[in-house]
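Thanks for coming, everyone. I'll take a few minutes on one assembly and its interfaces. Have a look at it first.

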Protein chains: 4
Amino acid sequence: MASASTPSGVIPPVCTPFTPERELDVASLERLCAFLLDAGVAGLFVGGSTGEAAYLTDDLRTRVLQAVVGFAAGQVPVVAGAIDMTTTRVIAHARAAQKHGADGLVATAPFYSPTHPAEIAVHFRAIRRAVDLPLLAYDIPTAVHTKLPSDLVGELAADGVLAGLKDSSGNIDGFRAAIGATAGVPSFRAYTGSEVHADLALVAGGHGIVPGLGNVDPAGFVRLYEAARRGDWPAAMAEQDRLRRLFALVGVGDGRMGLYSSAIGAFKAALRMRGVITHATTSLPMIPLDDRELASVARHLEEAGLR
Amino acid sequence: MASASTPSGVIPPVCTPFTPERELDVASLERLCAFLLDAGVAGLFVGGSTGEAAYLTDDLRTRVLQAVVGFAAGQVPVVAGAIDMTTTRVIAHARAAQKHGADGLVATAPFYSPTHPAEIAVHFRAIRRAVDLPLLAYDIPTAVHTKLPSDLVGELAADGVLAGLKDSSGNIDGFRAAIGATAGVPSFRAYTGSEVHADLALVAGGHGIVPGLGNVDPAGFVRLYEAARRGDWPAAMAEQDRLRRLFALVGVGDGRMGLYSSAIGAFKAALRMRGVITHATTSLPMIPLDDRELASVARHLEEAGLR
Amino acid sequence: MASASTPSGVIPPVCTPFTPERELDVASLERLCAFLLDAGVAGLFVGGSTGEAAYLTDDLRTRVLQAVVGFAAGQVPVVAGAIDMTTTRVIAHARAAQKHGADGLVATAPFYSPTHPAEIAVHFRAIRRAVDLPLLAYDIPTAVHTKLPSDLVGELAADGVLAGLKDSSGNIDGFRAAIGATAGVPSFRAYTGSEVHADLALVAGGHGIVPGLGNVDPAGFVRLYEAARRGDWPAAMAEQDRLRRLFALVGVGDGRMGLYSSAIGAFKAALRMRGVITHATTSLPMIPLDDRELASVARHLEEAGLR
Amino acid sequence: MASASTPSGVIPPVCTPFTPERELDVASLERLCAFLLDAGVAGLFVGGSTGEAAYLTDDLRTRVLQAVVGFAAGQVPVVAGAIDMTTTRVIAHARAAQKHGADGLVATAPFYSPTHPAEIAVHFRAIRRAVDLPLLAYDIPTAVHTKLPSDLVGELAADGVLAGLKDSSGNIDGFRAAIGATAGVPSFRAYTGSEVHADLALVAGGHGIVPGLGNVDPAGFVRLYEAARRGDWPAAMAEQDRLRRLFALVGVGDGRMGLYSSAIGAFKAALRMRGVITHATTSLPMIPLDDRELASVARHLEEAGLR
């Protein structure tokens with residue numbers, strides 16, 4: 001069971017634009033894909049946390065994937081999240097994604113019930129056995145309430161189960177430990193999901209970035225990545241510094257709603273303000289941003305030179 | 001929008017028996033329902049955490065519900081869990097449950113992304129609006145990582161959104177606060193999901209018990225409930241004391257696997273040892289109990305007078 | 001090494017009144033002791049969390065203890081908190097407390113560095129060996145970030161190390177488990193530190209109550225305890241219900257300050273309003289209550305019939 | 001109120017050697033200071049977590065500080081931890097440290113009772129007002145269970161309250177945010193307490209390292225720092241990589257004892273094996289390492305080329 005590599009570079013987790021009635025807005029989704037591809041991203045990640053995967057019915061997930069695969073038309077690989085609570089449910093999503101043209105899969109540790117590393121290993125092994133696509137582990141403790149142990153990542157990489165890692169844990173020590181633990185598997189790809197220490201993650205040997213904020217400013221993240229690739233750390237850090245300040249827009253609604261609701265609302269509002277998508281509607285039960293919060297999003301865009 | 005009451009008493013969250021190939025074992029499921037009804041339970045809760053709902057495909061969830069509704073045949077109400085991450089996905093399960101004969105619904109707060117009370121309110125209101133069945137809120141912070149605020153429960157009860165609460169938070173102060181906050185809604189039903197302080201929850205005004213361990217010893221929980229109802233607290237507490245000791249069987253595998261995996265494995269092993277179900281198979285990625293752990297389950301049954 | 005019993009009943013953790021310059025206000029402290037003794041408390045607990053022990057210099061702790069021991073003059077036992085991070089520091093406080101007339105000691109698990117049950121056992125054994133006074137374990141995870149395992153409490157009780165437990169964990173299942181684990185030591189005393197489920201803790205076999213709110217309404221807690229002792233649960237629960245509502249005063253400043261700062265400020269403000277102490281000053285770095293918050297304290301007192 | 005700077009570079013938190021009877025072993029302490037100074041450290045930090053400050057009586061803290069100040073004799077600055085629960089107690093330690101020759105102070109946020117940023121601000125301001133020495137904030141959430149907000153650090157730096165930060169939070173995003181928030185105060189010094197991402201902390205603009213492991217291999221950390229200072233990131237990262245592997249020795253006893261007990265035991269055992277100190281005795285209630293664990297420490301030293 002050989003694992004192909006997913007590409008190095010910036011692979012944004014694509015937002016899912018809706019109409020005000022919460023139908024899929026395919027035209028906006030295609031404009032968003034074009035916007036990302038124009039900026040030079042290396043792949044597209046559909047059905048991630050930023051794509052509101054947890055909020056979409058199975059049918060809607062499939063339609064989003066079909067639209068993105070169709071639009072990308074082979075220009076860059078499309079990887080698909082198979083986000084669900086446990087093994088059998090994840091496998092069902094993974095099979096649907098394979099059927100609809102995904103080039104790779106992204107799955108988290110099991111969640112809902114408290115879990116254990118022995119169960120996480122069974123989980124990823126069963127998914128990989130069921131669907132023959134490169135499988136990336138998605139380490140996102142804020143959602144699944146488990147941190148993937150780096151030695152387990154190393155073991156599953158060595159066994160050809162995992163082709164890569166998307167690390168959204170915020171823990172750069174663990175990211176580095178995972179890179180160390182997979183050093184014997186040259187095809188393995190370690191991506192950071194961090195918007196705010198992407199530069200350090202690349203210093204530490206990461207292969208790419210999967211930033212939610214990359215929807216709003218894909219060119220910025222591509223510049224950061226390219227600077228890092230040519231070893232120009234001052235340029236990479238200057239870009240990171242600008243993006244760190246921009247990233248503060250995720251908190252515009254925090255307190256009045258959850259941070260996720262605020263972040264997705266801010267990403268979509270920013271995309272609307274930048275003329276990429278038509279509506280900033282988010283899924284139920286998220287709370288819409290109010291006028292004051294939208295004004296704050298606009299200010300963040302201006303300060304980052306994006307408006 | 002008037003909310004009918006669900007019954008007072010013991011409503012066990014029914015285990016889901018499998019064949020060794022992880023197919024639904026309908027004969028075992030029917031024997032389990034008979035075993036529970038014989039013991040005098042007031043209702044059956046299908047698709048809860050103990051029923052491995054988080055581990056079942058949509059199709060399997062439906063077949064379990066159909067089997068239980070069919071077997072119960074109106075003798076007691078059947079309430080169905082609609083366990084999923086967010087509003088739209090929960091509504092899809094809720095509609096399926098209504099179609100297949102559920103008498104009530106059980107839903108948690110949204111999970112996966114961090115949430116907020118304002119979003120929890122939107123969530124329950126949207127579910128209730130979408131499906132006209134009594135709706136019980138399932139407060140299970142170990143799974144969803146939010147505690148339902150008691151004042152929100154009160155508000156949603158007053159508005160006819162929530163017909164009841166299943167409190168598996170382990171926090172008896174919060175349970176009591178929820179009972180206080182819903183005192184103005186006489187039809188509201190507050191159930192404890194605790195196996196170990198059911199007596200105190202009834203002292204504090206609770207209407208019933210939804211105990212996972214009630215699969216293994218339904219007669220014990222019915223005795224506890226009946227003693228409490230007639231005000232015989234010493235008898236209720238003596239029964240509780242025996243059940244507390246029995247409940248220690250949930251930990252037989254803990255450390256080698258997660259506590260949930262250990263608990264469900266122990267419940268099913270106990271049901272097999274008691275002759276109720278045929279196999280103790282659990283869902284992927286749970287770890288099966290080993291011989292030493294099974295022997296410990298057997299000892300717990302013996303000490304509780306169940307073998 | 002035989003452990004004497006501490007008394008059953010209500011043992012309030014005595015507040016420490018200050019002058020506006022944060023000097024000890026001995027006259028107010030004596031009036032507070034008189035107020036508590038008049039209400040029928042079974043003992044006085046000096047140097048607990050409510051007494052701001054963590055905020056007092058060693059010298060001030062000693063002067064508080066001397067004042068209370070002197071005023072109590074043997075009418076009831078005085079137990080003293082020896083609150084500090086680790087064994088040797090706790091022993092120093094314990095020796096000082098013994099020298100100044102304490103009848104018993106209260107110590108938490110070690111804190112600051114993360115700890116382990118094996119270390120907690122060494123800790124209590126060393127304290128008990130160093131100072132020959134009845135030793136109560138103080139289980140307060142919100143402060144020390146460890147929950148005392150009930151089996152460890154049982155082991156240390158059986159060995160004569162612990163004479164009792166003050167359980168401020170909020171976890172009534174653990175309280176009950178500790179009572180079960182110490183059933184073989186008839187002299188052992190299990191107190192709840194909960195203001196809001198004292199009735200249930202007594203139902204479950206507890207010997208007494210150590211309520212911070214007992215400074216404000218000692219008579220209420222004594223009534224609750226006496227009703228429970230004579231088996232009049234409806235009366236105990238009615239009293240508990242009133243005290244639960246009163247206890248909400250602890251949150252008057254929450255959000256603008258920490259909950260502890262709010263609670264201690266509210267207790268002292270209430271004692272001043274009831275004419276027991278002269279000033280409501282709290283220790284640095286706590287934030288004083290503002291006028292709106294003080295008005296809320298007053299309202300809570302009125303609603304509880306205390307003003 | 002002007003704040004002098006503490007030096008850039010490596011400032012190890014000095015271990016406290018004991019005799020087997022847990023008396024201070026002054027000769028070992030002086031040999032340890034000589035070992036650190038020979039390696040080129042920029043300062044000595046006495047009374048930190050690694051120095052078992054939380055475990056030492058006031059008298060012992062003073063004797064440790066006197067010994068180190070006397071030995072250092074002005075060659076490098078000596079900063080002293082004033083580790084205690086709340087403001088008044090910290091001020092007492094700070095005054096003692098000033099009296100006995102400390103060149104700077106290190107204090108954490110208040111702990112024991114849950115706290116709030118408004119209280120943390122009052123705390124540091126009061127300490128700074130009470131003792132005229134450069135004051136470093138010690139951000140150590142594993143001990144004090146609060147994360148210092150970076151904007152608060154910025155505000156206190158701007159007001160001359162804080163002269164620096166020791167960040168042992170493990171959160172490099174927060175470290176970077178604190179550096180950003182204090183950019184307007186050129187004398188401010190930001191140290192990382194991380195043994196495993198010191199290189200990245202220096203990439204991100206940190207001024208120095210305060211590593212517990214720096215007791216065992218001070219030369220390694222000085223090499224890392226010097227490489228970073230001259231911009232030789234590959235050399236810095238290679239050194240970091242070796243030190244990361246060495247740092248695994250902190251876990252030799254974990255599980256049988258707490259991680260802190262294991263780490264301090266391992267540091268002291270390594271120092272004994274390297275011939276620097278005479279005994280590896282730790283404070284009560286820590287658990288001593290056993291032979292298997294000591295052999296593991298020896299192996300780690302060998303693999304790091306230190307034995």
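How many salt bridges are there between chain A and chain B? The count is four, where a salt bridge is a side-chain nitrogen of Lys or Arg within 4 Å of a carboxyl oxygen of Asp or Glu.

Ground rules before the details. This is a predicted model, in which local features need pLDDT of at least 70, side-chain atom pairs count only at pLDDT 80 or more, and totals for chains, interfaces and linings use all residues. Residues are numbered from 1 along each chain as its sequence is written, chains are lettered from A and ligands numbered from 1 in the order in which they are written, and side-chain values use heavy atoms, with hydrogens and water left out.

Chain A against chain B, then. One of the salt bridges pairs the side chains of Arg89(A) and Asp84(B), at 3.3 Å, N to O. The general idea is simple: side chains of opposite charge can pair when their charged atoms come close. Polar contacts come next. Chain A and chain B share 19 residue pairs of that kind, both residues at pLDDT 80 or more. By polar contact I mean a pair of N or O atoms within 3.5 Å; within protein, one must be able to donate a hydrogen and the other to accept it, and residues adjacent in sequence count only if both atoms are side-chain atoms.

Which elements of chain A give two or more residues to the side that touches chain B? They are α2 (58-72), α3 (87-99), α4 (117-130), α5 (141-144) and α11 (259-273) of chain A. Helices here are DSSP runs of H or I, at least four residues, and strands are runs of E, at least two, numbered from the N terminus. α4(A) gives the most, with five residues. By class, that side of chain A has 22 nonpolar, 16 polar and six charged residues. For the classes, Ala, Val, Leu, Ile, Met, Phe, Trp, Tyr, Cys and Pro count as nonpolar, Asp, Glu, Lys and Arg as charged, and the others, Gly among them, as polar.

Now the extent. 44 residues of chain A are in contact with 44 residues of chain B, contact meaning heavy atoms within 4.5 Å. The two chains bury about 3,500 Å² between them, 62% of it on carbon and sulfur atoms. Buried area is the accessible area (1.4 Å probe) that two parts lose on being put together, summed over both. Arg89(A), Tyr112(A) and Pro285(A) supply 23% of the area that chain A buries against chain B, more than any other three residues. Chain A can be laid on chain B with an RMSD of 0.0 Å by a turn of 180° and a shift of 0.0 Å along the axis. The superposition is by least squares on the C-alpha atoms of residues with pLDDT of at least 70 in both copies. The two copies are thus related as by a two-fold rotation axis. The same surface serves both: 100% of the contact residues of chain A recur in chain B.

On to chain B and chain C. Chain B goes onto chain C by a turn of 180° and a shift of 0.1 Å along the axis, with an RMSD of 0.0 Å. In chain B, the C-alpha nearest that axis belongs to Leu200(B), 3.2 Å from it. Again the same surface serves both copies, and 100% of the contact residues of chain B recur in chain C.

This contact takes 13 residues from chain B and 14 residues from chain C. It buries about 1,300 Å², 54% of it on carbon and sulfur atoms. The rule finds two salt bridges across this interface. One of them joins Arg176(C) and Asp199(B), 2.6 Å from N to O. Eight residue pairs are in polar contact. On the chain B side, α7 (172-181), α8 (198-203) and α10 (233-247) each give two or more residues. α7(B) gives the most, with four residues. By class, this side has seven nonpolar, two polar and four charged residues.

What about chain D? Asp199(A) forms a salt bridge with Arg176(D), the closest N and O atoms being 2.6 Å apart. That pair runs from helix α8 of chain A to helix α7 of chain D. Over all chains, the search finds 80 salt bridges.

Which pairs of chains lack a contact? No contact joins chain A and chain C, whose closest C-alpha atoms lie 12 Å apart. Chain B and chain D have no contact either, with their closest C-alpha atoms 12 Å apart.

Last, the sheet in chain B. Eight strands form an open, parallel sheet in the order β1-β8-β7-β6-β5-β4-β3-β2. Two strands pair if DSSP finds at least two bridges between them. β1 (9-10) and β2 (44-46) of chain B stand at the edges with a single partner strand each, so one side of each is left without a neighbour in the sheet. β5 (residues 135-139) and β6 (residues 164-167) of chain B pair in the parallel sense over four bridges. There, Tyr138(B) stands opposite Lys166(B) in β6(B).
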